[in-house]
Amino acid sequence: MTKPTVHIIGSGISGLRCAENLLQSGIEVKIVEMTDSIGGRMRTTEKNGFLLDHGFHVMQTGYPHSKAEIDFNALGAKRFSPGAKIIKSSAGKTKQYVLSDPFRSPISSISALFTQKWSDLYNIAKLRLSLGLESPDRIFEGSDGTTESFLRQSGFTEPFINEFLRPLFSGIFLESKLDTSERMFKFVFASMAKGDMVLPRGGIQAYPNLIADRIGRERIELSTPATPIDSTTLAIRGKKIKTDQVVVAHPQRETSDSMNSVWTVYFSTPENSIKGNYILLNGNYEVGKNAIAHIAVPSNIQPTYSPSGKSLVAVTIVGDAAIALDLDSDESIEKQARMELRDLFENSDTWQTVEVFHTKNALPQSESQSNASSSVIFNENEIISCGDHTTHGSMEGAIKSADHASREVIRRLGISA
Ligand SMILES: Cc1cc2nc3c(=O)[nH]c(=O)nc-3n(C[C@H](O)[C@H](O)[C@H](O)COP(=O)(O)OP(=O)(O)OC[C@H]3O[C@@H](n4cnc5c(N)ncnc54)[C@H](O)[C@@H]3O)c2cc1C
């Protein structure tokens, strides 16, 4: 008996995950991808010995799926230090201090008492304890407002929100007002407390590559844009193709207005220009005045990210912060980044720009009251879709949506799981 075949449009992490699930259930798959590479937004390219993720990107080991299923050892993943370093300049002087997770680094978090209010550290600990006990499903069913209003209701002070929480979560949600759903904040915060932010040895694309190898690259057709027509028909280069089921694993173009954007400027610096394994948050972050939310040194975590003797520095500028300063070109973004870096690092004028990435459709907005669960009900004959735009903007959201979509395919094709 011939196996049923499913055509999946898009080879991002959701398309790949969906394909792997279907193959494991005895269903044949064909993935069509419009670009010349797999991975979608989880893409890495090599330039002059540097590994450049298309936008600074980490994997979270504390996300439920990631924790249960990803073999981080196989990816050679290494972690950032839990917590963050805040870097602040004032009156020509630069100050740096570490804010660690009080449960994992009690000693270094004591030093935070010299720079932070007791109440903020107490509120972080309280949130950490209460969210640590909640399941992700409960969080996504819970109360909802914006992240900003939730942080204020939780009693955090203005300086703590603006110097720590805003630059950190702006860099995660890719929007600076913190209008993102409070549920999403709670989910990310709880996951961060349960795990680490890690980078694979081969760049962020190493994970999609691993799945693509397991699926078999012969099942993936690159440089092949496709259009879904109905649940069992798609068009490739003007030709209609009949299949047993179509799965669309990419956001629709018309949703791009509801996607957040981000700029990443990569610099090559002399080795050890910035020491340590923390993410550096801009303690001066103020939309309309400056643009850098955070700075990371991927090569301090994974030396594979830079050639020997050099470091790779990633500077993240969230789309709305760029718009507030009328920055809309690679040149203007690079100039602004250099101007702000000069206040923070003595020798930054000697750093060389490696690349500027502008990711326009980086993350779907997860506004409050939006549906961030994967319990979308598909109408019987509609095209099945997956991707982070159907759940929430993260690798975890994309994978969860793929699991949901593949279960629906299996049900429709009458395959017993
Ligand atoms: C800069 C940046 C930083 C991020 N940081 C993090 C992070 O730290 N942690 C985290 O968990 N998540 C992060 N994310 C989010 C994460 O990358 C995404 O949630 C996830 O990769 C989305 O996967 P997807 O499969 O839903 O969509 P995509 O990755 O967008 O895949 C869709 C694929 O479909 C293809 N395609 C589109 N149209 C067609 C067509 N007509 N025909 C054929 N192919 C088509 C596209 O080329 C693409 O390859 C970040 C994203 C960005 C951009």
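Val-32 is buried, with a relative accessible area of 1%, where buried denotes under 20% relative accessible area, exposed over 50% and partly exposed the range in between (1.4 Å probe, protein chains only). The residue belongs to strand 2, residues 28–32; helices (H or I, at least four residues) and strands (E, at least two) are DSSP runs, numbered from the N terminus. The model is a predicted one, in which local features need pLDDT of at least 70 and side-chain atom pairs count only at pLDDT 80 or more, whereas totals for chains, interfaces and linings use all residues. Residues are numbered from 1 along each chain as its sequence is written, and side-chain values use heavy atoms, with hydrogens and water left out.

Contact is defined as heavy atoms within 4.5 Å. When neighbours within four places in sequence are left aside, Val-32 is in contact with Ile-8, Ile-9 and Gly-10, and also with Glu-221, Thr-224, Ala-226, Leu-234 and Ile-236. By contrast, Gly-83, 51 residues from Val-32 in sequence, lies 40 Å from Val-32 in space, C-alpha to C-alpha.

Two serines in helices were also examined. Ser-170 is located in helix 7, which covers residues 158–173, and is buried at a relative accessible area of 0%. Apart from neighbours within four places in sequence, the contacts of Ser-170 are Leu-165, Glu-175, Ser-176, Leu-178, Tyr-285 and Val-318. Ser-191 is found in helix 8, residues 182–194, and counts as buried because its relative accessibility is 4%. A polar atom of the Ser-191 side chain lies 2.8 Å from the backbone oxygen of Phe-187. A polar contact is a pair of N or O atoms within 3.5 Å; within protein, one must be able to donate a hydrogen and the other to accept it, and residues adjacent in sequence count only if both atoms are side-chain atoms. The C-alpha atoms of Ser-191 and Gly-62 are separated by 4.6 Å, although the two residues are 129 positions apart along the chain.

Backbone geometry was considered at two loop residues. Most residues other than glycine have a negative phi. Leu-174, in the loop between helix 7 and helix 8, has a positive phi near 60°. Asn-48, in the loop between strand 3 (44–47) and strand 4 (50–53), likewise has a positive phi, near 45°. Leu-174 is buried, with a relative accessible area of 11%, whereas Asn-48 is exposed at 63%.

For the protein overall, the secondary structure comprises 13 helices and 20 strands. The radius of gyration is 22 Å, which agrees with the value near 22 Å for a compact globule of 417 residues; this radius is taken over C-alpha atoms, and the globule rule is 2.2 Å times the number of residues to the power 0.38. The C-alpha trace spans about 75 × 45 × 40 Å along its principal axes. Of the 417 residues, 56% count as buried. Among contacts with a separation of 6 or more, 72% are between residues 24 or more positions apart.
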